[in-house]
Amino acid sequence: MANVNIKFNGKDYLLSCDDGQEENLKKLTGLLNKKLNELKSKLGNIGENKLLLISSIKVMDEYYDLIKKIEYKKRDFQNLSEKFKELKSLVTEYKEDKDKEIDKLKEGLDKFKIMAEENNDIYERMLDMTTESIEKFIQNSSKDNNLQ
């Protein structure tokens, strides 16, 4: 435990605090002393006890206002967090749908490639058959011309 000399409301006090908290205690005492002096200048000399009570009430009021603000911010954060989760879910669902569409398109493209290859083979066979027919026709017509 550390001992700290502080000045509050024009009087010196020796207070104890945990080691390392000396500066924090001085700062807090300074803030409380400032509040007390502000009230003293507004209200005049209404007695030390009453002035200390009003200062304490004002500090507690500020404390509870801060707690309320923190609670509102926590709720806002919770709401944003829920909306983010919903959005993330929608994005994930959208991506899954698009992945399925892409897979279907790839499957269709693969089928189309197979069909194109099959048609190409058929076309080449037809071309070969047509070429053979034309060659036979030409040969037959040459034979006919030679016979005449």
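Rings of Phe, Tyr and Trp count as a pair if their centres lie within 6.5 Å. I start my notebook with that rule. The model I am reading is a predicted one.

**Entry: aromatic pairs**

I searched the whole structure for such pairs and found 1. Tyr-63 and Tyr-64 form the pair. Their ring centres are 5.3 Å apart. The angle between the planes is 75°. Planes over 60 degrees apart count as edge-to-face, and I noted this pair as edge-to-face.

Tyr-63 has a relative accessible area of 44%, so I wrote it down as partly exposed. Tyr-64 is partly exposed too, at 47%. I placed Tyr-63 in helix H2.

**Entry: a nonpolar patch**

Which residues make the nonpolar surface patch of about 330 Å²? I listed Met-60, Tyr-63 and Tyr-64. Tyr-63 and Tyr-64 are also the partners in the aromatic pair.

**Entry: a negative patch**

Next I looked for charge on the surface. I found a patch of negative charge there. Its members are Glu-117, Glu-118, Asp-121, Glu-124, Asp-128, Glu-132 and Glu-135. Glu-117 lies in helix H2, which runs over residues 48-147. Is Glu-117 buried or exposed? Its relative accessibility is 55%. Exposed means over 50%, so Glu-117 counts as exposed.

**Entry: salt bridges**

How many salt bridges are there? I counted 8. I took notes on some of them.

Lys-7 forms one with Asp-12. The closest N and O atoms of Lys-7 and Asp-12 are 3.7 Å apart. I looked up both residues and found both exposed.

Lys-35 forms another with Glu-62. Here the closest N and O atoms are 2.5 Å apart. Lys-35 lies in helix H1, residues 22-43, and Glu-62 lies in helix H2, so the pair ties together parts that are 27 residues apart in sequence. Glu-62 is partly exposed, at 41% relative accessible area.

Lys-111 forms a salt bridge with Glu-107. I read 3.6 Å between the closest N and O atoms. Both residues sit in helix H2, 4 residues apart, so about one helical turn separates them. Lys-111 is exposed, at 56% relative accessibility. Glu-107 is partly exposed, at 46%.

Is Ser-55 buried or exposed? Its relative accessible area is 2%. Buried means under 20%, so I recorded Ser-55 as buried. I then looked up Leu-36, which is 19 residues away from Ser-55 along the chain. The C-alpha atoms of Ser-55 and Leu-36 are separated by 5.7 Å.

**Entry: Asn-9**

Phi of Asn-9 is near 55°. I marked this as a positive value in a residue other than glycine. Where is Asn-9? I found it in the loop between strand E1 (2-8) and strand E2 (11-17).

Definitions and conventions
Residues numbered from 1 in each chain as written. Predicted model: local features only at pLDDT ≥ 70, side-chain atom pairs only at ≥ 80, totals over all residues. Heavy atoms only, no water. Patch = residues over 30% accessible without salt bridge, like charges linked within 9 Å, V, L, I, M, F, W, Y side chains within 5 Å. Areas by Shrake-Rupley, 256 points an atom, 1.4 Å probe, with all protein chains shown as cover. Salt bridge = Lys/Arg side-chain N within 4 Å of Asp/Glu carboxyl O. Lys, Arg positive; Asp, Glu negative; His and termini not counted. Charge placed at Lys NZ, Arg CZ, Asp CG, Glu CD. Helix = DSSP H or I, 4+ residues; strand = E, 2+ residues; numbered from the N terminus. Buried < 20%, exposed > 50% of the residue type's maximum accessible area, 1.4 Å probe, protein only. Phe/Tyr/Trp six-rings, centres within 6.5 Å; stacked < 30°, edge-to-face > 60°.
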